[in-house]
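Please read this report with the model open beside the text, and look up each residue as it is named.

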Amino acid sequence: MAHLPTRSFQAYQVFAANTNVGKTILSTGLVRAAAALSIGADKKKTKAFYVKPVQTGYPVDCDARHVKTYAPLVETSRLYAYPDPVSPHIATSEPPPDTEVLQATINSIRTFKQSLGQTDKGWALLETAGGVNSPIMSGELQSKFYRPLRLPTVLIGDSHLGGISTTLTSYESLHQYGYDIPALMLFDNKSRNHQFLERYLAKAENRPLIHVLPSPPEKLADLKADAEQLHEYYRKTEDYFKDVVQELDKAHHSRLDRLEELADKARTSIWWPFTQHQTVKEVTVIDSAYGDIMTTYVDPKEKAATGANGNQEGTWKEMFDGCASWWTQGLGHGSPALTQSAAYASGRYGHVMFPECAHEPAVKLAETLLDTVGQDWASRVFFSDNGSTAIEVALKMALKASQDRYANLGQATGRVEVIGVDGGYHGDTIGAMNACSPNAYNAQVTWYKSHGHWFSPPTVLFKDSQFQIMIPAEMTNSKEPMKITTDNLSSVFTKPAANDPRLEIYRSHIRETLTRLTQQEKRSFGAVLMEPVLMGAGGMIWVDPAFQRCLVEEVRAFKGFGTETSPSKNAHVPVKNNWKGLPVVFDEVFSGCWRLGRKSAADMLQVTPDIAAYAKLLTGGLITLATTLTTDAVFNNFLSETKTDALLHGHSYTAHPIGCAVANTSLRTYRQMESHGDADQARQDWGAQPYGNLGVWSLWDQKVVDKISRMDIVEGVVPLGSVLAIQMRETNGPSGYASLLSQQVQRRLREKEHEDSEMEVAVFGRPLGNVVYMIASQVSTREQLAKVENILLRTLEGKL
């Protein structure tokens, strides 16, 4: 990681609160002092480097030339220069891509770092252009453009009248976007801005040290005389700048000290979820994250503990977040848009009480959800805090509605159960666990009791360049599963023709099972609960869409459940969208909100539920929030004049304004991305129709997926939207969730340093039994995914 700090290499960037505040003067003084100092405990001489990525007004103005003139020991670099002395966004009509500019900046620092000898120390400074939120050539703001580097920042304050405001605004903007600001520098003059800033920032968390320097001399018309007085200024202020550099050095080593403590502190104080602590070999210390990339740090002790050759330098890795941080990342880590939405709602509301109250973010979110994932079926939104709780709420809604109907029909019921799909997982709360078939997640829970019947589902896998639908033997009364193949992804979701053999197999099996359960076994059911299309935690199981459609249709038509709801307790309340048979609950916590390429998995099935739960991508990956959508018919079952008939469920942070505001921004962004056709190339590659038509597609390259599908070690592949799941063939160990295959593959993906990759990216993933899966965000670029695909292919082929 060329731009990231080590014990022997420091790098900083300089932002300014405004133009003409002395940014280049102070930058020159800093690198000049660094080149003259022997910093650190070993007192090794320091080599200094200065880079100016963007320069306008060139060659009349050239900040790199100024640095070289007054700090001749410093190596300098200028990358992009334009003659007009204007803002970079209007300096050229043909702006280079942001990725090119950022990579050129990284490469310049890399070249300097690689030039250092083993006993050298390096000190680099990147000077930005204009103010903190000035644009670069593309029009992107500097504060956002340089965020992937996240270099420690020296902020140059504005010493002029009015400079307090611009300085604080700049500081808060950088802080909001996750920059560390170890130093704030400004000149001493009659405005005395530094005195107020010192008082104001005294209580700030991680507050910067404020350094006040003598003001430079006024510019002279005589160039020679002007140069002489500047030389004299730098000579007289050497000690001031040396003090700043030494304070930065202390902050630099303090930062590394803290990073190197985190792994041990975590081991002794944290109980990680879904983790066997006794087998943890290496703790992944995440320093920051942006977009798809997490920047991680491994200190020398951790390297030695894992058998690596340890030395005194820590190791940085940029890791592609291959599990979308437990499936939450939709718009990338550190999204500026989401950050701004959260900051605005936090400043406007904080949190406010919700029962019998309304606030704009919650009402707007409810309207947006009803217009997107709930379009044409839902009419009410219930807010909660996470996916498991959203399912608890859904079950309370569905089971009470069913029990009320049974009572109105005069049918006595004992325990009311659910109908589901084997392999489904709905969360870790008690009700959600009991609404699943026995599995690894509830096996050690002593109070777990299965409350339902679980259909063994027909499944889909892409294997040997074909989509294979496997129908369980129990459905066909044969010894072996039935296999049906198709070549096209979209055809898997197309409603089968009337003569498709699957329809009679599925319908007959469902009817016979429902009849046996209700008539012979005398069991009562109150809901259908399932993850539509793709069951996540159960092993990325792709269920045949035709089966799930049939299950919903047959349950709604089954006379043993009745055909529709009874009237509301209040006769004057209209009943809309009456549910039939049993309320159908879709758990879209994982699959919803464009995860699979469409707004909802229900949309892909072309079947509407009566209740559905959404979380994960709902807030784009920034903050926890969940919602349960339902119809008036279900809602009306809770209406009466009696408080105890209400849905008695809630949380202190229900409809948190920050979460609602962030979710509004997320959903708006997803809709814009969908309609702008950014994924049209992927749609075309997978044989799907362009946006606006039915069709299913994958973000992952079709040729790569095809190659993986033909590997002997692979049982099959699931390529849906942002998800790429690879079911490995287990030959010598336990199968399913107990398998260690994916853990072994994920370890190789994490541990290898892929030097052939321009971004030096490794891949961070989570094990899931014998399933290796990658989940992209909705903003992942084809360029980034191509790097991940290359690493994944080489790992599976045994080349890494």
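## Terms and source

In this report, Ala, Val, Leu, Ile, Met, Phe, Trp, Tyr, Cys and Pro count as nonpolar, Asp, Glu, Lys and Arg as charged, and the others, Gly among them, as polar. The model is predicted, and local features need pLDDT of at least 70, side-chain atom pairs count only at pLDDT 80 or more, while totals for chains, interfaces and linings use all residues. Residues are numbered from 1 along each chain as its sequence is written, and side-chain values use heavy atoms, with hydrogens and water left out.

## A cavity and a pocket

Rolling a probe the size of a water molecule over the atoms shows where empty space is left. On a 1 Å grid over the protein atoms alone, a cavity is a set of points where a 1.4 Å probe fits but cannot get out, whereas a pocket is an open set with protein on both sides within 12 Å along at least five of seven lines; lining residues have an atom within 4 Å of a point. Grid points are joined across faces, edges and corners, and a volume is the space filled by probe spheres set on the points.

There are 6 cavities of 30 Å³ or more by this rule, and the second largest cavity holds about 50 Å³ of space. Its lining consists of H3, L4, P148, L149, R150, R255, D287, S288, T295 and E318, which by class gives 3 nonpolar, 3 polar and 4 charged residues.

The second largest pocket holds about 1500 Å³, and among its 42 lining residues N20, T24, I25, D61 and D63 lie nearest its centre. Helices (H or I, at least four residues) and strands (E, at least two) are DSSP runs, numbered from the N terminus; α1, β3, α2 and α7 each supply at least two residues of this pocket's lining. By class, the lining of the pocket has 17 nonpolar, 16 polar and 9 charged residues.

## Two open sheets

Two strands pair if DSSP finds at least two bridges between them. An open sheet of 7 strands has the order β12-β23-β22-β21-β18-β13-β14, with mixed pairing. Because β12 and β14 stand at the edges with a single partner strand each, one side of each is left without a neighbour in the sheet. Within this sheet, β22 and β23 run antiparallel and are joined by 4 bridges, and A612 has L629 in β23 as its bridge partner.

A further open sheet has 4 strands in the order β9-β10-β11-β26, and its pairing is mixed. Here β9 and β26 stand at the edges, each with a single partner strand, so one side of each lacks a neighbour in the sheet. Strands β10 and β11 run antiparallel and are joined by 6 bridges, and the bridge partner of M294 in β11 is M319.

## Local details

Most residues other than glycine have a negative phi, and most peptide bonds are trans. In this model, a cis peptide bond with omega of about 10° joins Y58 and P59, and P59 lies in the loop between β3 and α2. W594, which is not a glycine, has a positive phi of about 75°, and W594 is placed in the loop between β21 and α19.
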